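Welcome! Try each task before you read its solution.

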Amino acid sequence: MDSIVVIGGGLGALFTGALLAKEGCRVTVLEKNKQIGGGLQTFYRRGVGFESGMHLLGGIRPGGSIYKLCRYLGIMDKMDIRDVDHDCMDEITYLSDGKTYRVPEGKENFIAYFQHEFPDEATHIRDYVEALFAIVNEIDFFYLRTSNSHIYTHGEQFMWPADRLIAHFIGNEKLRDVLAYMNPMYGGYAGHTPAYIHALINVLYISGPSRFAGNSQQMAEALRGVIEAHGGGVAGGDPVTGIDITDRELTAVRTLGGQTYTADKYVAAIHPAALLQLTDAKAFSRAFRTRIGSAPNSYSSFCVYVVFKPQSFPYINHTCYYQSDYGMVWHYNEYNAGEFPRGFMYMTPCEAEQGPWATKMIINSIMPYSACAPWAGTLTGRRGRAYEEWKRQRTEQVLDKMERLFPGFRQKCDLVFASSPLTIRDYYNEPEGALYGLHKDCLNVAQSQVPVYTKVRNLYMTGQNVNLHGFCGVPLTAINTAEAIVGLNRITDKINALDDEK
């Protein structure tokens, strides 16, 4: 079988590499950071581990697409994954009216809950949720259904703006806002984010979310194990600095440490803008470079991390969302320092031996890259006093809101620190610290995502800029990329055959 070099060592790279290795390919994965995993990475402060990205897991319960994929790769029993609270998968609090919504998992439970909260919209709520599931049902690869065509047809609502989809069914302004609370999970913008993105994320989590117990690095290491068990390798800490392309064929990959890797085929699991920086202008057309160079990126995040004093804050087995007021959920891309944060997502991650008390908390506040643009030319650890003061002020603003939610919150904290969009940019090699890569735009679909195939004959793309982002979308895209190399439906048929045996 072919030899494969994968550029990047994040979620998409590791799943693609593991699938290809299982197919008999000789796979080498090259990751710029010493620790592999991308958004799966876990870092430590005072001995406490923090997940850097993958906080919520959809589709990994029995019957889900990611569960089936992980079982096929033989890694389900190598990870400790727990369900969130079934009667409250998400909690949303609006400070303006003090209202808290406790959203249960399950399609019928979800419908019944919001019908109880908004009885005048009862019929419309069911119609809306049924529309979400109908839209997702149009996406064959989400359900691991095989297809013999790359030409897809979809209903009219599929490419509507997501906010238009909600407004089409729901008249109540508050309910419209509440039903869009998952925006931080996919980078939603009013008038631009496609309805199918909104539908996919909602259906995933309505069907039941999970979380890692311990840390998210366990998935990265499990996937590394698959690659190595089939004779491949995963190398971290030596960034790729150049790729050689001759006559539209990639011939070698060069690293900062002076290593040169050659293979039959190559997979780029990095942002397309980062890929273009690795090669000269002749390798890709001017039109492609212009398109990627001008394509907007999704927004970024300001994260506050907390280590609690012992037995001071209760463990919460679900994700919580905070909103200052109704009406801003579609406008996270707008930034006002005085009003920051208008909303955020917070959670107490699960430890391997989780008891009633939380060890830590992650507070994720959406922030556009422009907020820290004055320090765009700086490097980690060398941004200066002005930046550190700016970061301290933003952290205090977040803690002020946590005090409103939990009086005395600061007194429960043993350690507080933060990261900005610049951190995401530098550690993940994501232009502008984009959480979800290129901004998906229903008004310009061609500009907002890239295909698996490239103009370079033996170079393929994978990751969140191809098809779908997130914990579910990226692994499923990895199947698409792997099948572009080994044959259409080859892997999907094997996954489904294993499922049939069960």
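This is a predicted model, and we begin with a lysine.

**Exercise 1.** Is Lys-494 buried, partly exposed or exposed, judging by its relative accessible area?

*Solution.* Step 1: the relative accessible area of Lys-494 is 35%. Step 2: buried means under 20% and exposed means over 50%. Step 3: Lys-494 is therefore partly exposed, because 35% lies in between.

**Exercise 2.** Find the salt-bridge partner of Lys-494 and say where the two residues sit.

*Solution.* Step 1: the partner is Glu-23, with 2.9 Å between the closest N and O atoms. Step 2: Lys-494 belongs to helix α15 (residues 490–501), while Glu-23 lies in the loop between α1 (11–22) and β2 (26–31). Step 3: the two are 471 residues apart, so this pair links distant parts of the chain. Step 4: Glu-23 counts as buried, because its relative accessibility is 6%.

**Exercise 3.** Which residue forms a salt bridge with Asp-2?

*Solution.* Step 1: Lys-265 does, at 3.3 Å from N to O. Step 2: Asp-2 is in the segment before β1 (3–7) and Lys-265 is in strand β13 (residues 265–268), 263 residues apart. Step 3: Asp-2 is partly exposed, at 22% relative accessibility.

**Exercise 4.** In the open sheet of seven strands, which strands are at the edges?

*Solution.* Step 1: write down the order, β7-β6-β15-β16-β17-β14-β18. Step 2: β7 (99–103) and β18 (413–419) each pair on one side only, and these are the edge strands. Step 3: follow β18 to β14 (residues 300–308), with which it pairs in the antiparallel sense over six bridges. Step 4: within that pairing, Val-307 has Leu-415 of β18 as its bridge partner.

Definitions and conventions
Residues are numbered from 1 along each chain as its sequence is written. This is a predicted model: local features need pLDDT of at least 70, side-chain atom pairs count only at pLDDT 80 or more; totals for chains, interfaces and linings use all residues. Side-chain values use heavy atoms; hydrogens and water are left out. Two strands pair if DSSP finds at least two bridges between them. Helices (H or I, at least four residues) and strands (E, at least two) are DSSP runs, numbered from the N terminus. A salt bridge is a side-chain nitrogen of Lys or Arg within 4 Å of a carboxyl oxygen of Asp or Glu. Buried means under 20% relative accessible area, exposed over 50%, partly exposed in between (1.4 Å probe, protein chains only).
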